[in-house]
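Welcome, and thanks for taking a look at this one. Please open the sequence and the model side by side, and we can walk through the ligand site and then the sheets.

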Amino acid sequence: MKILLFCSLFFSINFAYADSKTLFEQGEHLFRTAGGYGCSTCHGMFAQGGGNVGGDVRGKGIDKLNRALEKEPTMLLLSNALNLAQRELLASYLIELGKIPSVEWIIDDQVTFSNASIKLGVLSQLVLVNKRLETIKVALPFVAKSSFIEIKPYETKAVQWIPKEGTIELVYKQSVLAIEIK
Ligand code: HEC
């Protein structure tokens, strides 16, 4: 009896986890493919902006999405393409992303020194956008001692980590990002 109870508990937890993961992944997929080009074209791969026209939409709910689909000239084309269930899927994906504090770093050909700050001890996301014509390699010592990330031209990648006290300085050639942990 005990064993049976344990098994059913184990499976129900497992299934609940699998379900929520799938929803997030479905939302992410739709976000990157809606209308053939995806919301990501204008809002960035992780809804963080990416320096594109739409800007950061992490944490935006269904009301803001519906309003934008009706009023935002650039989004009108998508309005007919998305049914209610798809809009809800997208909104829940954006809400989930909104729970993860993020810092965006756009690396281009300019000499840039940017500053950002992020909360201490909360699972966070660093989104790196490579706007150079070369594959770049950035050291991520705050993730692990010899950790690094490689990003192809015009590719966006994200790293998740839990910030510890101090300041993180990331450098690629003449691009520098300093993240203050508060
Ligand atoms: C062709 C470019 C483009 C595409 C594609 C696009 N958007 Fe937008 N979106 C915009 C612009 C521009 C705004 C207005 C931004 C502003 O006012 O700062 C906007 C606004 C929004 C807002 C409202 C933000 C707010 O603060 O109220 C949401 C939510 C949003 N978009 C989600 C999406 C989703 C989800 C998709 C994919 C189904 C999508 N967008 C596709 C350009 C686009």
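By class, how many nonpolar, polar and charged residues does the shell around the ligand have? The shell has 12 nonpolar residues, along with 4 polar and 3 charged ones. Please keep in mind as you read that this is a predicted model.

**The ligand site**

The ligand sits in the largest pocket. There are 19 residues around the ligand, and those that come nearest are Cys 39, Cys 42, His 43, Lys 60 and Met 75.

Which helices each supply at least two residues of the shell? They are helix H2, spanning 40-43, and helix H3, spanning 62-71. H3 gives the most to the shell, with 3 residues.

**The sheet of E2, E8 and E7**

Now to the strands. An open sheet is formed by 3 strands in the order E2-E8-E7, with mixed pairing. Strand E2 (112-118) and strand E7 (166-172) are its edge strands, each pairing on one side only. From one strand to the next, the twist averages 15°.

E7 pairs with strand E8 (residues 175-181) in the antiparallel sense, over 7 bridges. In general, strands of a sheet pair through backbone hydrogen bonds, either parallel or antiparallel.

What sits between E7 and E8 in their hairpin? There are 2 residues between the strands, and Lys 173 takes a positive phi near 45°.

**The sheet of E1, E3 and E6**

Another open sheet has 3 strands in the order E1-E3-E6, and its pairing is mixed. Here the edge strands are strand E1 (102-107) and strand E6 (156-161), and each pairs on one side only. Neighbouring strands of this sheet are turned by 20° against each other on average, direction ignored.

Strand E3 (residues 124-130) and E6 run antiparallel, joined by 6 bridges. If you want a handy pair to display, pick Leu 128, whose bridge partner in E6 is Lys 157.

Terms used. Residues are numbered from 1 along each chain as its sequence is written. This is a predicted model: local features need pLDDT of at least 70, side-chain atom pairs count only at pLDDT 80 or more; totals for chains, interfaces and linings use all residues. Side-chain values use heavy atoms; hydrogens and water are left out. Two strands pair if DSSP finds at least two bridges between them. Helices (H or I, at least four residues) and strands (E, at least two) are DSSP runs, numbered from the N terminus. Axes are lines fitted to C-alpha atoms, for helices over the stretch in contact, and angles run from 0 to 180 degrees between N-to-C directions. A residue is near a molecule or strand if one of its heavy atoms lies within 4 Å of it. On a 1 Å grid over the protein atoms alone, a cavity is a set of points where a 1.4 Å probe fits but cannot get out, and a pocket is an open set with protein on both sides within 12 Å along at least five of seven lines; lining residues have an atom within 4 Å of a point. A molecule sits in a cavity or pocket if more than half of its atoms lie within 2 Å of its grid points. Ala, Val, Leu, Ile, Met, Phe, Trp, Tyr, Cys and Pro count as nonpolar, Asp, Glu, Lys and Arg as charged, and the others, Gly among them, as polar.
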